[in-house]
Amino acid sequence: MGARAGIVVCITSFLLGALFTHWIADSLTLWKSPVTDEHLWTAASYYSILTKGPPEILYFLFTVLFLGGTTILWSFGDGQAGNLMFDGGSIFLFGMTAVMYIYTVLPIILARFHSLPTHGLKDPFPRSLRQSTLDLASNNLICSVALTGVLALQAGRFWAETSDSDDTEFVLVEAPTPEEVDKPSHTPPAGTTALKDRLSIHSDDKVKPLLQQRVQPS
């Protein structure tokens, strides 16, 4: 259980780190106002560099996604209440991130930014690329928030399991057998015996003089 949660956390953190590298471009188009042509050209140049990378990077990325999704599904298959809630939400967010990145982000990058026209940073940015550049920044932000939600759910699951384990810790006391319960006790407690002895001594000291007075002849 702990190993699977650790794998999910490590893979999610790795994917978040990969998305944070896009901050070089996304910070200029999503968080700067107003968005200038220079910002757009810088972001487009960054994504154009990504399209020229080796294809093994994509294969590695798909392998990491597959491993993370498989691990969450494996943990979800245990059928425990905590898994159904926390891992169910993690599956939804992780799956949404994978679908959005594979079917939206990567096609836009590979199709629209593979080759850019010759330009200067001060040249007007093409209208055909403007919306795609802005959409990439928004999609990357959505994926980052979803993966952050996966980490939050896994942290909540760990906290819930830790709380449950603390509540179930108790001291085992051996219960008496039915024979021991039904069997009468013939040996009085030590404290009761001592009390009876003291009472008998005091009563003898008081009763004996009275009897002697009655027995003596008048």
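The lining of the largest pocket holds 19 nonpolar, five polar and no charged residues. Here Ala, Val, Leu, Ile, Met, Phe, Trp, Tyr, Cys and Pro count as nonpolar, Asp, Glu, Lys and Arg as charged, and the others, Gly among them, as polar. Keep in mind that this is a predicted model, where local features need pLDDT of at least 70, side-chain atom pairs count only at pLDDT 80 or more, and totals for chains, interfaces and linings use all residues. Residues are numbered from 1 along each chain, and side-chain values use heavy atoms, without hydrogens or water.

The volume of this largest pocket is about 560 Å³. Of its 24 lining residues, I57, L58, L61, Y101 and L106 are the closest to the centre. A pocket is an open set of points on a 1 Å grid where a 1.4 Å probe fits, with protein on both sides within 12 Å along at least five of seven lines, and lining residues have an atom within 4 Å of a point. The volume is the space filled by probe spheres set on the points.

## Helices around it

Helix 1 (2–20), helix 3 (37–51), helix 4 (56–76) and helix 5 (81–112) each give two or more residues to the lining. Helix 5 gives the most, six residues. In total the protein chain has eight helices and zero strands; these are DSSP runs (helices H or I, at least four residues; strands E, at least two).

## Burial

Of the 218 residues in the protein chain, 29% count as buried, meaning under 20% relative accessible area with a 1.4 Å probe, protein chains only.

How values were computed. Buried means under 20% relative accessible area, exposed over 50%, partly exposed in between (1.4 Å probe, protein chains only).
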